[in-house]
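Colleague: Hi! I'm new to this one, could you walk me through it?

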Amino acid sequence: MKLPVLLLSIGFVLLNSCNGQEKQTQQPAPTEQQEISEGNALREFGLLKSADDSGYPFYTVEIEFPERKFSQVFTLNLEEIPDVDPGILAGWVGQYVSFEYTSEVINALLDVRQNGKSLLGVKPSELPKGLKKISGTLSGATNVTEGDLPSLLRIHDPENQSLEFEFFITPELVEAEGTLVVGFYDQRTNNRITTIKMAKK
């Protein structure tokens, strides 16, 4: 769901999938220069500090807002931004960029267990504390995910709720299709860049 603009100043914790550490950042505070464009996207301007490959076409970028004295992590899909490629993005690091982004709360699936055993090979010690969980029937895992984009996985509890997760389907999940599982997930704020370009000097 889309976050109201007034909630965009709320901080959130982003789990670093590479090293398992948590990084706490702030949402960019609305400014007089910030404009709402079509699709409820927010327009911003900042210093591109890093651009890390998260598995093509996805990149994780950190943008600093020096005047507000904080930085923010965003994701972007290069296939959605045809004028930008990995080389161009790398060349912008250390430069100011103008960009538009959307912000939404997502359910990030971190582990799926069956009979107490992780189907993803995740050890309990590798998971952060305070995760939410849902028990129910696994669906959407009929085929192993092929390509760069995740599949849509669902865990359905008929007496409680049904949740969907974007996830890369593994052979172990395919074998568990239609059976009872327990999913452990975290609710995160996902800031997704929809357009980006180097700012004019």
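**A walk through the model**

Modeller: Let's begin at a loop: Pro-57 sits between S3 and S4. Keep in mind that this is a predicted model.

Colleague: Okay. Is the peptide bond from Tyr-56 to Pro-57 cis or trans?
Modeller: The bond joining Tyr-56 to Pro-57 is cis, and its omega is near 10°. In general, most peptide bonds are trans.

Colleague: Let me zoom out. How many helices and strands are in the chain?
Modeller: The chain has two helices and 11 strands. Starting from the N terminus, the order is β-β-β-β-β-α-β-β-β-β-β-α-β.

Colleague: And what share of the residues is buried?
Modeller: Of the 201 residues in the chain, 39% are buried.

Colleague: Which residues have the most contacts inside the largest nonpolar core?
Modeller: Those are Ile-63, Leu-89, Phe-99 and Ile-193, in a core of 19 residues. At least two core residues come from each of these elements: strands S3 (42–53), S4 (58–65), S5 (70–77), S6 (96–114) and S11 (180–198), plus helix H1 (86–92). S4 contributes the most, with four residues.

Colleague: Let's stay with Ile-193. What does it touch?
Modeller: Leaving out residues up to four places away in sequence, Ile-193 touches Val-61, Ile-63, Phe-74, Thr-75, Leu-76, Ile-81, Phe-99, Glu-100 and Tyr-101. There is also another core lying apart from the largest one, with 16 residues, including Leu-153, Leu-163, Phe-167 and Val-181.

Colleague: What about contacts across the whole chain, how many link residues 24 or more positions apart?
Modeller: Counting contacts with a separation of 6 or more, 62% are between residues 24 or more positions apart.

Colleague: Why does Lys-69 count as exposed?
Modeller: Because its relative accessibility is 76%, and exposed means over 50%.

Colleague: Where is Asn-115, then?
Modeller: Asn-115 lies in the loop between S6 and strand S7 (117–118). Its phi is positive as well, about 55°, and Asn-115 is not a glycine.

Colleague: Buried or exposed, that Asn-115?
Modeller: Asn-115 is exposed, because its relative accessible area is 81%.

Methods. Residues numbered from 1 in each chain as written. Predicted model: local features only at pLDDT ≥ 70, side-chain atom pairs only at ≥ 80, totals over all residues. Heavy atoms only, no water. Core = buried A, V, L, I, M, F, W, Y, C linked by side-chain atoms within 4.5 Å. Buried < 20%, exposed > 50% of the residue type's maximum accessible area, 1.4 Å probe, protein only. Contact = heavy atoms within 4.5 Å.
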